[in-house]
Amino acid sequence: MTEHSLWRFSRALHRAVNDRDFRDIEALIDEDVEWAIYGPIDMFPFLGARQGRDAVLDVIRQLADNFHVRRFDRESIMLGVDSAASMLRYSLTALDSDKPISLRVAQFAQFRAGKLISMRVLVDTFDLVEQALGRAIHLPKMTRVG
């Protein structure tokens, strides 16, 4: 049995972010990849949708410029032949402040011939924004009408 494409991609992504070694990740991304990380783009400009390998590699370089991955845990995962969906918990360090950041993401990936062709990531943004601001966000109480 061969190794699933997600495992190779995951290792290469973490090597790119932590070691700034982009050689392996570049070879695993399709030239026409579709990529989106849904989150607060105004606070984190590397979030959002991108099209094409060069744009995705630019995002990965920006992640490497801003964060170090200390740890990640796969809370759940489902693998298809050429697809994967997972819930992940990341422990990061913000490089500009040495501040720890913890976040949860849901990740949906599709592969063709071992290369990433589509990635969608949903970030638990409320918790992330509170950590980035360094304070709790207090929302008004919602009242029930009726």
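Colleague: Which element gives the largest share of the lining of the second largest cavity?

Modeller: H1 does, with five residues. First, the ground rules. This is a predicted model, in which local features need pLDDT of at least 70, side-chain atom pairs count only at pLDDT 80 or more, and totals for chains, interfaces and linings use all residues. Residues are numbered from 1 along each chain as its sequence is written, and side-chain values use heavy atoms, with hydrogens and water left out.

Now the terms. A cavity is a set of points, on a 1 Å grid over the protein atoms alone, where a 1.4 Å probe fits but cannot get out. Lining residues have an atom within 4 Å of a point. Grid points are joined across faces, edges and corners, and a volume is the space filled by probe spheres set on the points. Helices (H or I, at least four residues) and strands (E, at least two) are DSSP runs, numbered from the N terminus.

Back to the second largest cavity. Its volume is about 80 Å³. The lining consists of Leu6, Phe9, Ser10, Leu13, His14, Phe72, Arg74, Ser86, Leu88, Tyr90, Gln107 and Met119. H1, S3 and S4 are the elements that each give two or more residues to this lining. By class, seven lining residues are nonpolar (Ala, Val, Leu, Ile, Met, Phe, Trp, Tyr, Cys and Pro), four are polar (the others, Gly among them) and one is charged (Asp, Glu, Lys and Arg).

The structure holds two cavities of 30 Å³ or more. Two or more lining residues come from each of helix H1 (5-19) and strands S1 (29-38), S3 (67-79), S4 (83-94), S5 (99-112) and S6 (115-123). S5 gives the most, with four residues. The class count here is 19 nonpolar, two polar and no charged residues.

Last, the chain around these cavities. The protein chain has four helices and six strands. Along the sequence they follow the pattern α-α-β-β-α-β-β-β-β-α. Among contacts (heavy atoms within 4.5 Å) between residues at least 6 apart in sequence, 49% join residues at least 24 apart.

Definitions and conventions: On a 1 Å grid over the protein atoms alone, a cavity is a set of points where a 1.4 Å probe fits but cannot get out, and a pocket is an open set with protein on both sides within 12 Å along at least five of seven lines; lining residues have an atom within 4 Å of a point.
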